[in-house]
Amino acid sequence: SLTIGVLALQGAFLEHIHMLKNLPTVSDAIPVRTEEQLKSIDALIIPGGESTSMALIAERCGLLEPLREFVKNKPTWGTCAGMIMLANEATSAKKGGQQLIGGLAIRVNRNQFGTQKESFETKLHMPEVVGETPFHAIFIRAPVISDILSEDVKILGRLEQKVGQTEAETIIAVRQGHLFATAFHPELTYDNRLHSYFVDLALTYYSN
Ligand code: GLN
């Protein structure tokens with residue numbers, strides 16, 4: 001079984017750790033704040049939070065380069081701000097750039113749903129990930145995937161209805177080999193099917 005780390009610089013990392021601790025296939029779930037901890041884990045979750053703050057802290061801690069190395073060949077799942085960090089490109093209404101970890105060939109649009117509809121909940125149908133029962137997803141100032149930049153990226157979920165100005169069919173979950181990304185917060189529900197999916201992805205990756 002695996003040791004899974006959750007990047008714990010900022011954001012909703014504790015909730016992910018609680019979810020992981022309830023999975024039988026996870027031997028340990030630890031918060032990751034140092035390069036040494038990063039070296040000790042088999043797979044990583046980058047949580048939601050605020051991607052600009054997370055990037056600044058990662059840079060200041062000297063973790064940005066080690067994270068870039070990690071995601072090249074270790075299973076990693078980014079949720080919300082974590083998805084932004086994993087993206088190769090991010091667009092934002094705000095001026096100025098931000099550092100990303102990158103690795104996942106997508107372009108994301110930050111804060112897609114704007115300030116009026118900062119958060120909402122919706123049912124998502126993601127049969128390849130969670131089977132036929134829809135997943136209750138919580139979106140908080142969420143990004144969306146505006147562009148897929150490689151044929152290796154597989155679309156796993158889309159919004160089923162129009163939300164504010166955002167069209168139905170907008171992409172909100174993808175996978176590229178060992179990298180997985182979701183625009184919402186699966187750690188804030190009691191449904192651990194996405195966490196199971198990620199752990200299975202990692203187990204399969206290491207058994208091949
Ligand atoms: N709006 C945040 C960002 O742009 C993401 C929000 C979240 O992770 N819930 O980084």
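Which loop holds the place of Glu50? Select Glu50: its place is in the loop between β3 (43–46) and α3 (51–60). Helices here are DSSP runs of H or I with at least four residues, strands are E runs of at least two, and both are numbered from the N terminus.

Before going on, note that this is a predicted model: local features need pLDDT of at least 70, side-chain atom pairs count only at pLDDT 80 or more, and totals for chains, interfaces and linings use all residues. Residues are numbered from 1 along each chain as its sequence is written.

Stay on Glu50. It counts as partly exposed because 16 C-beta neighbours lie inside 10 Å (buried means 20 or more other C-beta atoms within 10 Å, exposed 12 or fewer, partly exposed in between, with C-beta atoms placed from the backbone). Setting aside residues up to four places away in sequence, Glu50 touches Gln10, Gly11 and Ala81 (contact means C-beta atoms, placed from the backbone, within 7 Å).

Next, select Ser51. This residue lies in helix α3. Ser51 is buried, because 30 other C-beta atoms lie within 10 Å. Beyond its neighbours within four places in sequence, Ser51 is in contact with Ala81, Ile84, Met85, Gln98 and Arg110.

Now select the ligand. Around the ligand are Gly48, Gly49, Glu50, Ser51, Cys80, Ala81, Ile84, Arg110, Asn111, Ile140 and Arg141 (near means a C-beta atom, placed from the backbone, within 6 Å).

Last, select the positions from the record. An unreviewed UniProt entry places "binding site" at Gly49, Glu50, Ser51, Arg110, Ile140 and Arg141. They spread over 93 residues of sequence, yet cluster in space, with a largest C-alpha distance of 12.8 Å. UniProt positions follow the numbering used here, feature names are shortened, and annotations may be inferred rather than shown by experiment.

Key
Two residues are in contact if their C-beta atoms, placed from the backbone, lie within 7 Å.
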